[in-house]
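Open the model in your viewer and keep the sequence panel beside it. We will go stop by stop.

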Amino acid sequence: MATLKSYGVRLGESTHQFPLPNRGDNYKRRNAKWRSPQAAVIPNFHLPMRSFEVKNRTSSEDIKSLRLITAIKTPYLPDGRFDLEAYDGLVNMQIENGAEGVIVGGTTGEGQLMSWDEHIMLIGHTVNCFGGSIKVIGNTGSNSTREAIHATEQGFAVGMHAALHINPYYGKTSLEGLVSHFDSVLPMGPTIIYNVPSRTGQDIPPRVINTVAQSPNLAGVKECVGNDRIEQYTDNGIVVWSGNDDQCHDARWSHGATGVISVTSNLIPGLMRELMFGGKNPSLNVKLLPLIEWLFEEPNPIGLNTALAQLGVVRPVFRLPYVPLPLAKRVEFVNLVRQIGRQNFVGEKDVQVLDNDDFILVGRY
């Protein structure tokens, strides 16, 4: 109690040491002209963290020429960490079979289940190991403009060739807000804007794309609305990649799309390259449609993760909330592989039907 009392005395004593206000000061404050804080009127107070070193930089024109870009799968070890050995194998198979670019940490690569540290590390790893052989496009988009700016700065700093940006999802914004969001990241480097209303809940309309297309860093659009929208853009000189594997053949050869950003090419990169480079080939397209439909019966990447595990090229490890397809669908995949030809799929092991107990589901990693 003595301590408390002495503290109270000291506190009380200290309060009486503040100088009393001068009445003249009140008059001066009432009549003085208000001035805003200096920082509030400095434009671009937070300057972009970017480099103008061009020796190893990629231009938007380099990205615009890509025909086959694979949204690469991220494989895991049994404890849920990245399996970089398996990942390197997947990327090498893409390079060997003619893919020209990879999306790292996209929806297919489960960027939504990664920490930003994991995300940027994987982009940097991909650049360091494969950046001389394939274009590395990092998914550094976010529904938070602050996060998108920071991740994109880091992605370009570790060497990615281009960024993939989605519109703010869930907490949606206005059309003017979309323009401001994209304008905040476009100055940093080549950018692909990704429109997938089925996931974001909001379409990016042509009005927004036409506005941000004034930036020389807009490489193009990954468009999932359909081929009519793709043709609307290509007629105006905007580069577009189909985001729908089941529509990409017609998008490429009948609606002016540059190519495809593909999920299916994780499994059959050679055939998807043929679909994008070999001219109209409706018979091949029809042959592949059952596999594509199988892949997307459940939300991506559930089907892809199941398929790659059964091909033996990744461990059967799932980060929750993703879980493998049911047994009947796993059997169906084996039959699809046999119909298309095992030699057309990645990996060298025989395809097999995995049991439920073969899969590992990881909630903490």
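**Stop 1: the whole chain**

Bear in mind that this is a predicted model. Colour by secondary structure. The chain has 15 helices and 10 strands. Now switch to a surface view. How many of the 365 residues count as buried? The share is 51%. Look also at how the chain folds back on itself. Take the contacts between residues at least 6 apart in sequence: 70% of them join residues at least 24 apart.

**Stop 2: helix α14**

Select residues 302-310, which form α14. Click along the helix to see them: Ile302, Gly303, Leu304, Asn305, Thr306, Ala307, Leu308, Ala309 and Gln310.

Next, show what surrounds the helix. Select α4 (84-96), α13 (282-295), β9 (317-319) and α15 (327-340). The buried residues of α14 pack against these elements. Then step past the end of the helix to glycine 312, which follows α14. Its phi is positive, near 80°.

**Stop 3: the α6 and α7 pair**

Select residues 145-157 for α6 and residues 175-185 for α7. Their axes come within 9 Å and cross at roughly 20°. Angles under 35 degrees count as roughly parallel, and α6 and α7 are therefore roughly parallel to each other. The crossing is right-handed.

Which residues make the contact? On the α6 side, show Thr145, Ala148, Ile149 and Thr152. On the α7 side, show His181, Ser184 and Val185. By type, this contact has 3 nonpolar residues, 4 polar ones and no charged ones. The spacing along each helix is worth a look. An α-helix has 3.6 residues a turn, so residues three or four places apart point the same way.

**Stop 4: valine 208**

Select residues 206-212, helix α9, and pick out valine 208 within it. Is valine 208 buried or exposed? Valine 208 is buried, because its relative accessible area is 1% and the cut-off for buried is under 20%.

Now show its partners. Leaving aside residues up to four places away in sequence, valine 208 touches Leu175, Leu178, Val179 and Phe182. Finish by drawing a distance from valine 208 to phenylalanine 182. They are 26 residues apart in sequence, and their C-alpha atoms are 9.4 Å apart.

Key
Residues are numbered from 1 along each chain as its sequence is written. This is a predicted model: local features need pLDDT of at least 70, side-chain atom pairs count only at pLDDT 80 or more; totals for chains, interfaces and linings use all residues. Side-chain values use heavy atoms; hydrogens and water are left out. Axes are lines fitted to C-alpha atoms, for helices over the stretch in contact, and angles run from 0 to 180 degrees between N-to-C directions. Helices (H or I, at least four residues) and strands (E, at least two) are DSSP runs, numbered from the N terminus. Angles under 35 degrees count as roughly parallel, over 145 as roughly antiparallel, 65 to 115 as roughly perpendicular and the rest as oblique. A crossing is left-handed if the near helix is turned anticlockwise from the far one by less than a right angle, and right-handed if clockwise. Contact means heavy atoms within 4.5 Å. Ala, Val, Leu, Ile, Met, Phe, Trp, Tyr, Cys and Pro count as nonpolar, Asp, Glu, Lys and Arg as charged, and the others, Gly among them, as polar. Buried means under 20% relative accessible area, exposed over 50%, partly exposed in between (1.4 Å probe, protein chains only).
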